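Here are a few friendly notes to read alongside the model. Please keep the structure open and look up each place as it comes.

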Amino acid sequence: MVNETDRKAARQPPSMSQWKQIQQLEIRLLEQVDYLYDDNFPMDIRQGLASWIESQDWDTAVNDESMATVLFTNLLAQLERVRLQEQNFLQRHNMKIIHQQLQLKYATNPAVMARVISTCLREEQRILSSACMQEQGPLEKSLQNSVAFERQKNMDNRVGLIRNSVQLMDQAVKYIEDMQDDFDFRYKTLQSQESSDRNSERMKQEVTRLQEILNRLDFKRKEILSKMDIVIKEIDDLITSQLNPELQDWKRRQQIAAIGGPLLTGLEQLQSWFTLTAQSLFQIKRQLDKLGDLVLKVTYESDPIPLQKPQMEERVKYLIYHLIKSSFVVEKQPCMPTHPQKPLIIKTGVQFTTKVRLLVKLPEVDYQLKVKTTFDKDLPPGRVSRQFFILTNNTKVMDIEDYSNGCLSVEFRHLQLKEKKYINGTKGNEGLLSVTEELHSLSFEACFTVQGLTIDLETCSLPLVVISNVSQLPGGWASVMWYNLLTDEPRNLSFFGNPPRANWSQLSEVLSWQFSTFAGRGLNKEQLTMLGEKLFGQHASCGEYQVSWSKFSKENIPGKPFSFWMWLDSILELIKKHLLPVWNENYIMGFVSKEMERALLKDREPGTFLLRFSESHLGGITFTWVEHNDNGEVKFNSVEPYTKNRLSALPFADIIRDYKVISDGVVPENPLKFLYPDIPKDEAFGRLYNSQPSKVHPYIPSTLIPISELRSNVSTTPPSCRSPEPPMTPGEFDMLSEQLCFDIDTMSSPYSE
């Protein structure tokens, strides 16, 4: 149900732009917004052209090259206009640079720019939507705890203290070197003296002085080695107890972000910690090398350096090796550019992109660092699977990006899979799992030498679903959601052999994310409760009620030829393509049952209607209105669900505006007066009406008007729940055609669900 707060909010037209709303968010959410903008779409443009950017149809331009070209040209013109009006010289210079960069980046492919801007705007909507939710779900709360400010602050302090300690040890090594040079000079001077002078008092004093220096040198060598040992242990503990867990938290947040959760942040911070820690280790290694050089010049019995240096050096090399290996991560999981919000699903024959990064800024390596990709390198033993190979070039050289603080990364933009053919003409033995439950992986390998240390790098993507037909996309996305919701294992390719159950409290949160990601606004508590009741009855009130994978995605809803997820996914597609304006105004109640619908409407003013999704159609929306007889009897009328085919011809808001009903030959009238609970129809939908009538004839302009016939003498419909029914008689049609110009093909054929 729509609560009073939501109703009041829905009645008020938006008073500020999306960008102004963004700027009023709390710091935590502003950090997510900041992550959206980089050289691909600088925030300066978003700020300077906020109103113009929000008024353009970037979603359509993504798949319309000519429209994308026009928008790209207009954006450059708008940017130039703002630049010329800018009074600040530095800002004007920056805008000129941005103008040039955009031309270089998108002139040959403006649709890429449209996709970047479309994604940014949609992510902004999702962030605004999450800010408006009354309470966060368990997943988002746990994620926030994992990146708590205090923990980051503690990590910053600890890494900083280690760096300071290592810098001080540099000074200590230099002090030992100076002391040793002094000893070496005095010792050689003493040796050069005549033998007759060696028994003199002055010479005895010099020998004593040399012994004192040697004793102090021994003390300082032991002291520096002790400090090194402490710092190495501190770094080891830092990596084990904090750095590796932070990396695992980031990877978990990456999983959740992949299925629509909070925007992934923190990689730059993680990269800073890894780099500073590695720099400390490299510096300690150089210090140990320096101490080794000093031993070649001056050594003595029980010298601590030859005794302790080899073991310490091995520990430092071990830490460097494993730190760099763990810093090799998949920054962007595999994703088809045609479906940027559904990563980890790859269609054979369609290009996909992915990106890996090394979180450590390295000293000079001895050659170019090449990364090789391999598909399904390590399949589980005994697994029967379709097999694929990468059709395109699978090796690229890592490079340093300007914004990466000197760290190496590589993006594979044109990878493509092809299925292996078999001699007998088949594609291998069929397993128990469906195509969309069969998981695959993409591996990345590299090898290089740094400061004499050879390091083998390897990482892998999250499990992938490979499809051969776009019709498998909904099932594939269900598998991606289920996996990443319920496990943090990086490569459990046997997951769907025995998939775990999901708690409804967490699953419902992920389902809400799907609506905020694909439709701009998530689900409120009432809508999620309705969905829960749809899935498993009254148990939905218990947040820890568990849902099986089969019940969610494989079993048909009782009495229906489709599963719960197929039904919900079809609604998402309908909203995304045909209902976005109405959905984002919070006018669609959505998942209310017919019984609840009647309970809500029965005491309302005649002509009060509500909008809900069809329970019997895939991807359908219907509306029901209430009427009262003279004797006080309540009647409910429901229209046949509108699906994508019908909504492609006429916007839904225009259907509400123009809807007419014929009753016993009476002049047609619109029975829809108030959107539930009491919002006047034109007040609710007025801003969404299409001012331009549809053109259905090349010469005579015609307006599409949805028409229903309501007969009062239909015996098959109970008096308390009458429904408009087709067809009209020829006489009724002639009477109607005299008063209205409409296309007979647009006539609605409503009924009560």
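1. Let us begin with one residue. Asp376 has 12% relative accessibility, so it counts as buried (buried means under 20% relative accessible area, exposed over 50%, partly exposed in between, with a 1.4 Å probe and protein chains only). Asp376 lies in the loop between strand 4 (370-375) and strand 5 (388-390); helices (H or I, at least four residues) and strands (E, at least two) are DSSP runs, numbered from the N terminus. The phi of Asp376 is near 50°, a positive value in a residue other than glycine.

2. A word on the source: this is a predicted model, where local features need pLDDT of at least 70, side-chain atom pairs count only at pLDDT 80 or more, and totals for chains, interfaces and linings use all residues. Residues are numbered from 1 along each chain as its sequence is written, and side-chain values use heavy atoms, with hydrogens and water left out.

3. Asn586 also has a positive phi, near 70°. Its place is the loop between helix 19 (564-584) and helix 20 (594-601). With 14% relative accessibility, Asn586 counts as buried.

4. Pro677 sits in the loop between strand 20 (674-675) and strand 21 (679-680). As background, most residues other than glycine have a negative phi, and most peptide bonds are trans.

5. The largest nonpolar core has 165 residues (such a core is a set of buried Ala, Val, Leu, Ile, Met, Phe, Trp, Tyr and Cys residues joined through side-chain atoms within 4.5 Å). Helix 12 (residues 201-258) gives the most to this core, with 17 residues. A second, separate core of 36 residues includes Leu29, Leu75, Tyr106 and Ile117.

6. Phe685 is among the residues with the most contacts inside the largest core. Leaving aside neighbours within four places in sequence, the contacts of Phe685 (heavy atoms within 4.5 Å) include Val582, Tyr587 and Leu675.

7. Finally, an open sheet of four strands has the order 1-3-8-7, with antiparallel pairing (two strands pair if DSSP finds at least two bridges between them). Strand 1 (328-335) and strand 7 (399-400) are the edge strands, each pairing on one side only. Five bridges join strand 1 to strand 3 (residues 352-358) in the antiparallel sense, and Val329 has Arg357 of strand 3 as its bridge partner.
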